[in-house]
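Please read these notes with the structure open beside them.

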Amino acid sequence: MDDRIKSNFPPQIKSTMVEVSSELQSIWFHSEDFRDADEPMLPSLLEDSFEQWSTEAAGLALFQNGQFALFNKEGHEIIATVPLLALMGEGRDAAAAAAVADALTSRQTAAFEAAAHFAVAVPQRRRVDGAVFSVIAYVTTTDFVQIRSEVEACALHFRSCFYRKFEEIYIKDMLLQQQRAEKEAIRKESLFHTAKQLYNQIDVASVLSELLRSLEQLYPHSEVHLYLSQDHLNGDPRVKPLVFKNAEHDIVAKAFLNGSSVTEHDRDGTIRLAVPMTGKQAAYGVLCMTIGPGKWDEADLPAFLLLADTSGSAFENAKLYEQSNLLINELRLINELTKRLNQSLRLKEIFQFATSELLTIFEANYCCVLQLNKESNQFVVMSSNIPALASEQFSPEYGFCGMVYRTKEPMIISDYWHTRVVTSKLMDNTGSRSLIAAPIMVDGEVVGVILVAHKAPNFFSYENYKLLQVMSTHIGLALTNASLHAEVRRMVITDNLTGLHARHYLDEQIQNRQRKDPFGSLILVDIDHFKKVNDTYGHQVGDRILIQVSGIISAAIRQGDIAARWGGEELAVYLPGIRAEQAYRIAERIRMHVEGQTDPVVTVSCGVSEWTYEDDKISVESLFYRADMALYEAKGNGRNCIFIG
């Protein structure tokens, strides 16, 4: 029988149950207790526990014959059951106070009698260290010897109610902490996902769109606006420019200027929260969120601040990426512009190309490039896509070119119609509203002005303004190179003394004309007895005579005719499209003016020759040979005359 019992109920089963039971007991709340830090919540906990206990134990005879009261560890009464009429008076209070004081001192159950009132006080101890945290007392008119054990039993019942209440609060606190932990985990996961998405964007528009979308998901009961301190065109109405108006009462301006979050509470419970969106280099704007009453949890503030910082860094990265791309494009444009400008050394071509390129680069409606004519001190329109302004001249004091000329600085006009600082023919005639302008500088002086206009207001950005400033510098360099080239070429093809062309230039031009024209004439002019003039008056006077004769020749011929110093005192004039008879008359006019206008008076001999397309041999040499022979004949016939060869 004993063997069967042992076989049917193995000892290990009992052992396992005991182990599980002990494990559960050790895991559960028996080891938990309130600490000194929980003292502020103890009075309310004691009251709630006393009320629950008194409700559960209300049927006991003790409640019919006496009164229970609960005291804190300082001996002050917290709460009591409804007193009986027989227990009202000083005797009740004295007996209860004496019993409670004795129980607190001895930490044991204490009894006291005063004025026919009997009191029993039972101290309540903590589970972990046995410290007294309260005393439950019972007052009656019956001898306490008969009721002491019953009061102690009631005290144990109260203690169990107290710790049950405590464990409920503890569990609720644990659940609340768990909910907060879960919410925090979800928030962190959402923030991590949002940060990842923000950093994945490489342009500003995508960053802003992702930020606003994420805020909608994270805070569905809120209204979000983003105020940017930088110019940015965005179709989302929630993205607005940051305007500093009444900064003392505007939380958006306060948050931006102070660099910290600002919260505003309305009377209806609505909350407005403004947080600056900052990066490593600067603050770029402010996130402003409006939350309805009861929808905001202060625990969400750190996450919102972190999101603002993350979005600021992502915005900054995207902005830097855009700026780097913009800089690369600007460098490419500048490189291409410089390359194309340097391909030509003709001023007219440079002006025309600059106008065309500027219209394309800035997507402008109109462009006008002006050059300062130092002789007339007027700005001349050298190139423009506005036919009405071709070759127009303006005073250095007029319009926007005058402003640029005076300040030597570029300028930008957002809306000419609303800020008409000067009168502008360009803006008025074309109906333009936006303008960027830059000076063309050479050696620190303004030699020209570039005007680029568009009909729409606020069309040009600050980046356009800076780019035009850089491009104007390269256009100025190209103009300088072309001017220097023209000057060098002029010096090469010009005789330094007379100002007439050099002989090799004359030869080149005659060759070119003989390929194109049907005929032309050549006049050779020789100053008579020029050696005698030098011997008589000196070489300085001789040089002056050469200059005078050269001036007379230049004044006597057309603009398209070519005068040159052929050598020594001999000068030459080529007359394209002129026959010998007419050339003779021009030579005669030169001869007469020389004789009448030189000081000292000198005379000239001239030889004239012509070529036509019908000649057997057409060349510069043959043309010069015939003119030279005619000149030789004129000298042999007494000088101061003209012969045709």
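1. Basis. This is a predicted model, in which local features need pLDDT of at least 70, side-chain atom pairs count only at pLDDT 80 or more, and totals for chains, interfaces and linings use all residues. Residues are numbered from 1 along each chain as its sequence is written, and side-chain values use heavy atoms, with hydrogens and water left out. Helices (H or I, at least four residues) and strands (E, at least two) are DSSP runs numbered from the N terminus.

2. The five-stranded sheet. An open sheet of 5 strands has the order β2-β1-β5-β4-β3, and its pairing is antiparallel; two strands count as paired if DSSP finds at least two bridges between them. β2 (77–80) and β3 (110–114) are the edge strands, each with a single partner, so one side of each has no neighbour in the sheet. On average, neighbouring strands of this sheet are turned by 25 degrees against each other, direction ignored.

3. Inside that sheet. β4 and β5 are paired in the antiparallel sense by 8 bridges. A121 stands opposite A137 in β5. Helix α3 (residues 42–56) packs on the sheet and touches β1 (66–72), β2 and β5; contact here means heavy atoms within 4.5 Å. The direction of α3 makes about 20 degrees with that of β2. For such angles, axes are lines fitted to C-alpha atoms (for helices, over the stretch in contact), and the values run from 0 to 180 degrees between N-to-C directions.

4. α3 against α6. Which angle do α3 and α6 make where they pack? The angle is about 125 degrees, and the axes are 9 Å apart. That makes α3 oblique to α6; under 35 degrees counts as roughly parallel, over 145 as roughly antiparallel, 65 to 115 as roughly perpendicular, and the rest as oblique. The crossing of α3 and α6 is right-handed, a term used when the near helix is turned clockwise from the far one by less than a right angle, left-handed being the anticlockwise case.

5. Residues of that contact. On the α3 side, the contact includes L42, L45, F50 and W53, and on the α6 side it includes F158, F162, F166 and I169. By class, the contact of α3 with α6 has 11 nonpolar, 3 polar and 4 charged residues. Ala, Val, Leu, Ile, Met, Phe, Trp, Tyr, Cys and Pro count as nonpolar, Asp, Glu, Lys and Arg as charged, and the others, Gly among them, as polar.

6. The structure holds 23 salt bridges, each defined as a side-chain nitrogen of Lys or Arg within 4 Å of a carboxyl oxygen of Asp or Glu. One of them joins R127 and E167, with the closest N and O atoms 3.1 Å apart. This pair links distant parts of the chain, 40 residues apart: R127 is in the loop between β4 (117–125) and β5 (132–140), and E167 is in helix α6 (residues 148–200).

7. Strands β11 (residues 366–373) and β12 (residues 378–384) run antiparallel and are joined by 6 bridges. N373 stands opposite Q378 in β12, and the bridge partner of Q371 in β12 is V380. V380 is also the bridge partner of Q393 in β13. The hairpin has 4 residues between its strands, and N377 takes a positive phi near 55 degrees. N377 is a residue other than glycine.

8. Helix α16 (residues 539–556) packs on helix α17 (residues 580–597) at about 140 degrees, with the axes 10 Å apart. That makes α16 oblique to α17. The residues of this contact divide into 7 nonpolar, 3 polar and 1 charged. In the loop between α17 and β20 (604–612) lies P600, joined to D599 by a cis peptide bond with omega about -5 degrees.
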